[in-house]
Amino acid sequence: MNTIKVEILGTGCKKCQQLEANAKEAIATLNLEAELLHITDPIEIAKHHVMSTPALAINGKVVSQGKVISSDQIKPLLQK
């Protein structure tokens, strides 16, 4: 199985930290092999065309931005 690349895009605020925790929970629950990165650099965030943080990207594709989605909402996104 390939390693999934999961990126949290945001400055590190409480919402960004919550999204990261939810992503970790989803990865652990599904027992996936994943690389989890937290991108805080505004230039790198802009390269993903994210206008509102926190954002979640899976394998380079932004799947959510501007809100904290739950672990249950992240799970199906990881399984695509």
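Analyst: Start with two strands, S1 and S2: they run parallel, and six bridges join them. Strands are DSSP runs of E with at least two residues, helices are runs of H or I with at least four, and both are numbered from the N terminus. Two strands count as paired if DSSP finds at least two bridges between them.

A word on the source. The model is predicted: local features need pLDDT of at least 70, side-chain atom pairs count only at pLDDT 80 or more, and totals for chains, interfaces and linings use all residues. Residues are numbered from 1 along each chain as its sequence is written, and side-chain values use heavy atoms, with hydrogens and water left out.

S1, H1 and S2 form a right-handed β-α-β unit. Right-handed means that, with the strands pointing away from the viewer, the path from the first strand over the helix to the second runs clockwise.

Next, the whole sheet. It is open, has four strands in the order S2-S1-S3-S4, and its pairing is mixed. S2 (34-39) and S4 (61-65) are at the edges with a single partner strand each, so one side of each has no neighbour in the sheet. From one strand to the next, the twist averages 20°. Strands of a sheet pair through backbone hydrogen bonds, in a parallel or an antiparallel way.

The antiparallel part comes next. S1 (residues 4-9) pairs with S3 (residues 55-58) in the antiparallel sense, over four bridges. Here Glu 7 is opposite Ala 57 of S3. Helix H3 (residues 71-78) packs on the sheet and touches S1, S3 and S4. The direction of H3 makes about 25° with that of S3. Such axes are lines fitted to C-alpha atoms, for helices over the stretch in contact, and angles between N-to-C directions run from 0 to 180 degrees.

S3 also pairs with S4, again antiparallel, over four bridges. Ala 57 is opposite Val 62 in S4. The hairpin of S3 and S4 has two residues between the strands, and Asn 59 there has a positive phi near 50°.

Which residues of H3 are buried? They are Ser 71, Ile 74, Lys 75 and Leu 78. Seen down the axis of H3, these buried residues fall within an arc of 110°, so they line one face of the helix. The arc is that of the directions from the helix axis to the C-beta atoms. An α-helix has 3.6 residues a turn, so residues three or four places apart point the same way. Buried means under 20% relative accessible area, exposed means over 50%, and partly exposed lies in between (1.4 Å probe, protein chains only). The cover over the buried residues of H3 includes S1, H1 (14-30) and S3.

Now zoom in on Ile 4, in strand S1. Its relative accessibility is 10%, so Ile 4 counts as buried. Beyond residues up to four places away in sequence, Ile 4 touches Leu 32, Glu 33, Ala 34, Glu 35, Ile 58, Asn 59 and Leu 78. A contact means heavy atoms within 4.5 Å. Ile 4 and Gln 79 are 75 residues apart along the chain, and their C-alpha atoms are 9.7 Å apart.

The unreviewed UniProt entry annotates Cys 13 and Cys 16 as "active site". UniProt positions follow the numbering used here, feature names are shortened, and annotations may be inferred rather than shown by experiment. Cys 13 lies in the loop between S1 and H1. Its relative accessibility is 34%, so Cys 13 counts as partly exposed. Cys 16 lies in H1. At 0% relative accessibility, Cys 16 counts as buried. Leaving out neighbours within four places in sequence, Cys 16 is in contact with Ile 8, Gly 10, Thr 11, His 38 and Pro 54.

The peptide bond joining Thr 53 and Pro 54 is cis, with omega about 0°. Most peptide bonds are trans, and most residues other than glycine have a negative phi. His 49, in the loop between H2 and S3, is not a glycine, yet has a positive phi of about 60°. His 49 counts as exposed because its relative accessibility is 66%. Asn 31, in the loop between H1 and S2, has a positive phi near 55°. Asn 31 is exposed too, at 68% relative accessibility.
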